[in-house]
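Dear colleague,

Please find below the sequence and structure that I am handing over to you. My notes on the side-chain pairs and the helix packing follow.

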Amino acid sequence: MTGPASASGAGTLRRRFIAPQRGDVAPACFQHPLFAGFNAYKEWMTAPDWPGIDVLNAGMSVPDRCFVAQDALLLDDGLHYEQRIRQGRIATRLHNWHDLFNAMIWARHPGIKLALNAQQCRHIEQMGPVERNRAQQALTQFDETGIIVRVRDTSLLSAWDQHDWATLFHTHAAHWRDGDIAVAAVIGHALMEQMLVPGRLLVGKCLVVQGEDDAVCIARVAEAIRAGDVLAAPTELRPLPLAGIPGWHQRQDLGFYAQADYFRPLREGRSYRPAMA
């Protein structure tokens, strides 16, 4: 799914993010933990030249799906982007960070991408190609800025439920380091694009799964999306200020977590769904 990034510098982005030129991105940028699960695609990110469509397709393991260059002829078919994917063609802009990261998510987490596409197409059939319901908004938010968080002990979510960020990140720092709570998967390719500018304060939109194994939890999310058990509305997604995760930002003292314009307080009446079992 392409489009403007919806992560934030401090909350929701209100203008389109313009990614830096490829030659202006330092390879050290990709050492950030956000990119930790994508070492297999390091050359796609750091080589002097952009990978071509053939290279992207060589990294794809989804039968009956392939990347195709997005051009005027392709767009002339009148199909919605998601409907085209269902037919097997993932429209991809060349020399474009956003679409490169989208390709990386397809290569790394095909089950999630297929489930998102299946649900989007189902809603397009109901709503038409122009109107969008709340489920489509939730699916898009997760596709662009989604994070899957795995948690062993759900009691760790109580601080998150209250937006008690200092407790979640600072007091519970050892739990993050020990893997009691962890980022199991980065799904949001818009987050990856924005991380090309070091130091940005980004917010992920999360689904949380209780479990011990990242791969099992990721598969559980894919199954739930495909079944329509999650992402009926954007409010199902938990906001997570990513710079608060221990080791994800250079400054993480208590004063940092007190910045209410980024670590936002809980809105009155806001509540979150429990972790998926």
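With which residue does Asp180 form a salt bridge? The partner is Arg152, and the closest N and O atoms of the two are 3.0 Å apart. A salt bridge here is a side-chain nitrogen of Lys or Arg within 4 Å of a carboxyl oxygen of Asp or Glu.

Two remarks on the source come before the rest. This is a predicted model, in which local features need pLDDT of at least 70 and side-chain atom pairs count only at pLDDT 80 or more, while totals for chains, interfaces and linings use all residues. Residues are numbered from 1 along each chain as its sequence is written, and side-chain values use heavy atoms, with hydrogens and water left out.

Salt bridges

The structure has 11 salt bridges by this rule. The bridge between Asp180 and Arg152 links distant parts of the chain, 28 residues apart. Asp180 lies in the loop between helix H10 (173–178) and strand E4 (181–186), and Arg152 in the loop between strand E3 (146–151) and helix H8 (157–161). Helices (H or I, at least four residues) and strands (E, at least two) are DSSP runs, numbered from the N terminus. Asp180 is buried at a relative accessible area of 18%, whereas Arg152, at 32%, is partly exposed. Buried means under 20% relative accessible area, exposed over 50%, and partly exposed in between (1.4 Å probe, protein chains only).

Arg238 and Asp161 also meet in a salt bridge, at 2.7 Å from N to O. This pair links distant parts of the chain, with Arg238 in strand E6 (residues 238–241) and Asp161 in helix H8, 77 residues apart. Arg238 is buried, with a relative accessible area of 2%, and Asp161 is partly exposed, with 25%.

Glu125 belongs to helix H6 (residues 110–127) and Arg86 to helix H4 (residues 81–86), so that the pair links distant parts of the chain, 39 residues apart. Glu125 is exposed, at a relative accessible area of 54%; Arg86 is partly exposed, at 40%.

Aromatic pairs

There are 14 aromatic pairs in the structure. The rings of Trp97 and Phe101 are stacked, because their centres are 5.4 Å apart and their planes stand at 20 degrees. Rings of Phe, Tyr and Trp (its six-membered ring) pair if their centres lie within 6.5 Å; planes under 30 degrees apart count as stacked, over 60 as edge-to-face and the rest as tilted. Trp97 and Phe101 are 4 residues apart in helix H5 (residues 97–108), and therefore separated by about one helical turn. Trp97 is buried at 3% relative accessibility, and Phe101 is buried at 0%.

Phe169 and Tyr257 form another stacked pair, 5.8 Å centre to centre with 20 degrees between the planes. Phe169 lies in helix H9 (residues 165–171) and Tyr257 in helix H13 (residues 254–257), 88 residues apart. Both residues are buried. They belong to a cluster in which ring pairs link Trp165, Phe169, Trp176, Phe256, Tyr257, Tyr262 and Phe263.

Phe256, another member of this cluster, is located in helix H13 and is buried, with a relative accessible area of 2%. Leaving aside neighbours within four places in sequence, Phe256 is in contact (heavy atoms within 4.5 Å) with Leu201, Ala243, His249, Arg251 and Phe263.

Helix packing

H5 and H6 pack with their axes 5 Å apart, at an angle of about 110 degrees. Axes are lines fitted to C-alpha atoms, for helices over the stretch in contact, and angles run from 0 to 180 degrees between N-to-C directions. The two helices, H5 and H6, are therefore roughly perpendicular to each other. Angles under 35 degrees count as roughly parallel, over 145 as roughly antiparallel, 65 to 115 as roughly perpendicular and the rest as oblique. On the H5 side, Asn102, Ile105, Trp106, Ala107 and Arg108 meet Pro110, Lys113 and Leu114 of H6.

With kind regards
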